[in-house]
Amino acid sequence: MASVAERAVLEEEFKWLLQEEVHAVLKQLQDILKEASHRFALPTSGSGGAVKQENFVLSTSGTDQVKGVLTLQGDALCQADVNLKMPRNNQLLHFAFREDKQWKLQQIQDARNHVNQAIYLLMNRDVNYQFKTGSEVLKLMDAVMLQLSRARNRLTTPATLTLPEIASSGLTKMFTPALPPDILVNFYINLNKLCLTLYQLHVLQPSTTKNFKPAGGSILHNPGAMFEIGNQRYEVSHVHKVECVVPWLNDALVFFTVSLQLCQQLKDKISVFSSYWNYRPY
């Protein structure tokens, strides 16, 4: 049990924490998250200027079976050239985005929105704002951490899709020449990588003795996965996944981690003070 003198000292230290150190941490968080937001290479409202285009080459290691050249502009794939060497006859197939098409990467867009929401929460408590209780700081940190966790999760956890969802997505209509019915493609972000998955299919004949069992949702489907679309049944025969590191996505993930650590450290300091007394809401 703290003495009256010790309690008075703790009160003063806690007052200093609320008035000075909390705002120093909030400023540090704002600076880090603004850097993270800049990494998404999207112009803020009113800033104007075109977003730079970045080219990435994705290929299978050791072979040239699949090669993709993708052009990323902010949160959109504005160009894609894909070459596939067919395993059976070495025939080379080439597909490219139509000039009037681009594919939005929703993961990047969502992550950026969560970062901006975190920045908004922090800016709402400017340097003149007076925090009255520790619980007020904890509530703010929890709200910021929720947005940062969501931003990170959008990049680290790609959507699980069924094969019919991939087949019926707008992505299948992006290419010229049109994709043949036995080819499916999917683009997504996984951690700091831009990924391209290409599925080769074969038609399951009605006379087949195989037990048809449609595959559920997955980030990556394996050979043997089956699905039905338009009264036609298919089985995945080959899967090709190629990927490439996007450096600024790696930067963003590091900024998220550092920011989450800062939030937690501030929460821990508040908790240390609250452990000394329980008669006020901290």
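**Close-up views of a predicted model**

**View 1. Helix α3, residues 134–156.** The 23 residues of helix α3 should span 33 Å at 1.5 Å a residue, and the end C-alpha atoms are 32 Å apart, which agrees. The structure shown here and in the other views is a predicted model. Residues of α3 that are buried comprise G134, E136, V137, L138, L140, M141, V144, M145, Q147, L148, A151 and L155. An α-helix has 3.6 residues a turn, so residues three or four places apart point the same way. Among the buried positions of α3 are V137, L140, M141, V144, M145 and L148.

**View 2. Helix α2, residues 106–123.** With 18 residues at 1.5 Å each, α2 should span 26 Å; the distance between its end C-alpha atoms is 26 Å, in agreement with that value. The buried residues of α2 are Q107, I108, D110, A111, R112, H114, V115, A118, I119, L121 and L122. Charged side chains can be followed here at D110 and R112, both of which are buried. Helix α2 also supplies at least two residues of the lining of the largest pocket, and Q107 is one of the residues that lie nearest the centre of that pocket.

**View 3. The largest pocket and its lining.** The volume of the largest pocket is about 250 Å³. Its lining consists of 16 residues, and those nearest the centre are W103, Q107, L161, N186 and F187. At least two lining residues come from each of β5 (103–104), α2, α4 and β7 (183–190). Strand β7 gives the largest share, three residues. By residue class, the lining holds nine nonpolar, four polar and three charged residues.

View 4. S169 occupies the loop between α4 (163–168) and β6 (175–176). The relative accessibility of S169 is 19%; residues under 20% are classed as buried, and S169 therefore counts as buried. A polar atom of the S169 side chain lies 3.1 Å from the backbone oxygen of I166.

**View 5. The cis peptide bond between T176 and P177.** T176 and P177 are joined by a cis peptide bond, with omega about -10°. P177 belongs to the loop between β6 and β7. Most residues other than glycine have a negative phi, and most peptide bonds are trans.

**View 6. The hairpin of β7 and β8.** Strands β7 and β8 are paired antiparallel through eight bridges. One of these pairs I183 with Q200 of β8. The two strands form a hairpin with two residues between them. L191 is in the loop between β7 and β8 (193–203) and, although not a glycine, has a positive phi of about 60°. L191 counts as partly exposed because its relative accessibility is 41%.

**View 7. Strand β8 beside β10.** Strand β8 is mostly covered, with eight of its 11 residues buried. β8 and β10 run antiparallel and are joined by 11 bridges. Q200 has H238 as its bridge partner in β10, while I183 has Q200 as its bridge partner in β8. V203 lies in β8 and is partly exposed, with a relative accessible area of 38%. The C-alpha atoms of V203 and Q232 are 7.5 Å apart in space, although the two residues are separated by 29 residues in sequence.

**View 8. N231, between β9 and β10.** N231 is placed in the loop between β9 (226–229) and β10 (232–245). The phi of N231 is positive, about 65°, although the residue is not a glycine. Because its relative accessibility is 75%, N231 counts as exposed.

View 9. β1 pairs with strand β2 (residues 66–73) in the antiparallel sense over six bridges.

Methods. Residues numbered from 1 in each chain as written. Predicted model: local features only at pLDDT ≥ 70, side-chain atom pairs only at ≥ 80, totals over all residues. Heavy atoms only, no water. Helix = DSSP H or I, 4+ residues; strand = E, 2+ residues; numbered from the N terminus. Buried < 20%, exposed > 50% of the residue type's maximum accessible area, 1.4 Å probe, protein only. Polar contact = N/O pair within 3.5 Å; in protein donor to acceptor, adjacent residues only side chain to side chain. 1 Å grid on protein atoms, 1.4 Å probe; cavity = no way out; pocket = protein on both sides within 12 Å on 5 of 7 lines; lining within 4 Å. Points joined across faces, edges and corners; volume = space filled by probe spheres on them. Expected span 1.5 Å × (residues − 1). Pairing = 2+ DSSP bridges.
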